[in-house]
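Please keep the sequence and the structure in view while reading.

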Amino acid sequence: MRSHLESLPALPTRDQDSHKGSYGTVLLIGGSRGMAGSIALSGIAALRTGCGLAFLACPESSQGIIASFEPSYLTIGLPEDEDGRISYEANSRIREQMNSAHAIAIGPGLGSSRDTELLLLDLYATTEQPLVIDADGLNALSRLPDGLPKPNGPRILTPHPGEMGRLTKTDAKTVQQNREEIAAEFAEKQQCIVVLKGHQTVVTDGQTVFVNMTGNSGLATGGTGDVLTGVITSLIAQGLSPFDATRVGVYLHGSAAEIIAEKIGEDGLIASDLPLAVAEAIHRYRLH
Ligand SMILES: NC(=O)C1=CN([C@@H]2O[C@H](COP(=O)(O)OP(=O)(O)OC[C@H]3O[C@@H](n4cnc5c(N)ncnc54)[C@H](OP(=O)(O)O)[C@@H]3O)[C@@H](O)[C@H]2O)[C@@H](O)CC1
Ligand SMILES: Nc1ncnc2c1ncn2[C@@H]1O[C@H](COP(=O)(O)OP(=O)(O)O)[C@@H](O)[C@H]1O
Ligand SMILES: [Mg+2]
């Protein structure tokens with residue numbers, strides 16, 4: 001089914017008599033050494049999508065640089081290993097912070113290690129809140145020897161074809177040959193929502209399959225997926241169901257790229273252009 005504007009749900013209303021607590025809190029986990037920008041892009045995008053508060057949890061040596069990208073979110077420094085990746089010791093601090101989060105995302109710039117695999121295994125199996133898993137979070141899930149555990153809450157996986165190939169023990173080329181069926185089969189088997197990214201992104205919960213028609217080649221640049229993670233997590237925190245938040249988020253992310261292309265074309269779009277354009281896409285979406 002093609003995901004057209006008419007078939008998409010309305011966004012929650014914003015009362016004039018509201019406050020930041022009315023729009024939900026997100027917790028975003030990632031941003032290891034050398035990839036601090038990725039979780040910052042997710043955090044800025046979450047705020048530009050309208051959530052009330054965004055907490056970014058990252059290795060403590062990345063905290064200063066991540067905080068300096070954007071003063072509007074809060075940062076939490078976590079124990080790390082010698083390569084600047086979050087260590088398993090961070091689990092208790094993450095769990096403490098999770099209590100106040102309405103939606104959580106993990107993966108952008110997380111890095112890969114045995115500890116990140118153990119963290120993912122634990123969070124995936126036990127977290128009650130909706131959990132968006134992207135990038136190295138997906139890579140960690142792909143490496144679990146016994147496959148994915150049964151989730152204890154909604155799970156939204158956002159692989160690009162390379163990551164989907166790792167999850168399904170095939171490769172990107174095989175995935176691209178049969179995008180809708182592979183995504184739907186995986187979603188049904190694992191009881192999760194799958195966002196198979198790329199041109200005409202597929203969103204499926206295993207029962208229904210949506211194909212998004214917004215976006216352009218300007219999105220083929222580093223960091224745009226990290227932005228999408230923030231957008232979807234923010235919409236869930238604001239009260240949309242995980243499936244609605246995901247298909248609306250993918251639509252808005254593509255619309256944002258189209259808004260930028262109207263002004264500067266597709267060649268020079270960079271990921272940090274997107275969050276403000278997502279805000280404009282939301283404005284247009286509400287006016288429709
Ligand atoms: N600013 C920052 O800090 C940024 C940090 N980032 C962080 O970097 C980490 C690594 O993530 P990553 O996605 O760059 O690498 P990886 O998972 O090896 O994927 C590449 C493989 O997938 C394939 N592939 C991808 N898309 C495809 C498509 N549409 N269609 C078909 N194939 C496709 C691709 O194929 P190829 O290009 O070879 O044809 C290749 O094989 C991660 O933590 C992330 O968060 C980035 O977010 C950037 C900004
Ligand atoms: N040609 C394209 N047309 C439409 N969307 C695209 C295109 N190329 C990439 N995208 C979108 O850009 C984003 C890229 O995400 P991802 O591959 O995770 O990048 P990164 O990890 O660098 O942030 C996804 O939302 C994907 O659907
Ligand atoms: Mg990515």
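Gln200 is partly exposed, because its relative accessible area is 29%. On this scale, buried means under 20% relative accessible area, exposed means over 50%, and partly exposed lies in between, with a 1.4 Å probe and protein chains only. Gln200 sits in the loop between β8 and β9 (202-204). Helices (H or I, at least four residues) and strands (E, at least two) are DSSP runs, numbered from the N terminus. Gln200 is not a glycine, yet it has a positive phi of about 55°. Most residues other than glycine have a negative phi.

Gln191 also has a positive phi, of about 55°, and is not a glycine either. Gln191 belongs to the loop between α8 (179-190) and β8 (193-196). Is Gln191 buried or exposed? Gln191 is exposed, because its relative accessible area is 52%.

## How the model is described

The model is predicted, so local features need pLDDT of at least 70 and side-chain atom pairs count only at pLDDT 80 or more, while totals for chains, interfaces and linings use all residues. Residues are numbered from 1 along each chain as its sequence is written, chains are lettered from A and ligands numbered from 1 in the order in which they are written, and side-chain values use heavy atoms, with hydrogens and water left out.

## Helix α8

Helix α8 has 12 residues. From its first C-alpha to its last, α8 reaches 17 Å, close to the 16 Å expected at 1.5 Å a residue. The expected span of a helix is 1.5 Å times one less than its number of residues.

Which residues of α8 are buried? They are Arg179, Ile182, Ala183, Ala184, Phe186, Ala187 and Gln190. After α8 comes Gln191, the residue with a positive phi near 55°.

Ligand 1 has 16 residues around it, and Gly109, Asp136, His160, Arg166 and Asp226 come nearest. A residue is near a molecule or strand if one of its heavy atoms lies within 4 Å of it. By class, this shell holds 5 nonpolar, 7 polar and 4 charged residues. Ala, Val, Leu, Ile, Met, Phe, Trp, Tyr, Cys and Pro count as nonpolar, Asp, Glu, Lys and Arg as charged, and the others, Gly among them, as polar. At least two residues of the shell come from each of α1 (36-48), α5 (135-142), α6 (161-167) and α7 (172-177). The largest share, 4 residues, is supplied by α6.

Polar contacts are pairs of N or O atoms within 3.5 Å; within protein, one must be able to donate a hydrogen and the other to accept it, and residues adjacent in sequence count only if both atoms are side-chain atoms. An N or O atom in the side chain of Asp136 is 2.5 Å from an oxygen atom of ligand 1. For Gly109, a polar backbone atom is 2.9 Å from an oxygen atom of the ligand. For Arg166, a polar side-chain atom lies 2.9 Å from an oxygen atom of ligand 1. Taken alone, ligand 1 exposes 920 Å², and the protein buries 50% of that. Accessible areas come from the Shrake-Rupley method with a 1.4 Å probe; for residues, only the protein chains shown count as cover.

## The surroundings of ligand 2

Ligand 2 is surrounded by 16 residues, and the closest are Lys197, Gly198, Thr201, Gly223 and Gly225. A polar backbone atom of Gly198 is 2.8 Å from an oxygen atom of ligand 2. A backbone N or O atom of Gly223 lies 2.8 Å from an oxygen atom of ligand 2. Taken alone, ligand 2 exposes 570 Å², of which the protein buries 79%.

Arg14 lies in the loop between β1 (2-3) and β2 (25-29). Its relative accessible area is 42%, so Arg14 is partly exposed. Leaving aside neighbours within four places in sequence, Arg14 is in contact (heavy atoms within 4.5 Å) with Tyr23, Gly50, Gln238 and Arg286. The side chain of Arg14 reaches the backbone oxygen of Gly50 at 3.2 Å.

Ser62 is in helix α2 (residues 60-69), and it is buried because its relative accessible area is 3%. Thr246 is in helix α10 (residues 242-264). Thr246 counts as buried because its relative accessibility is 0%.
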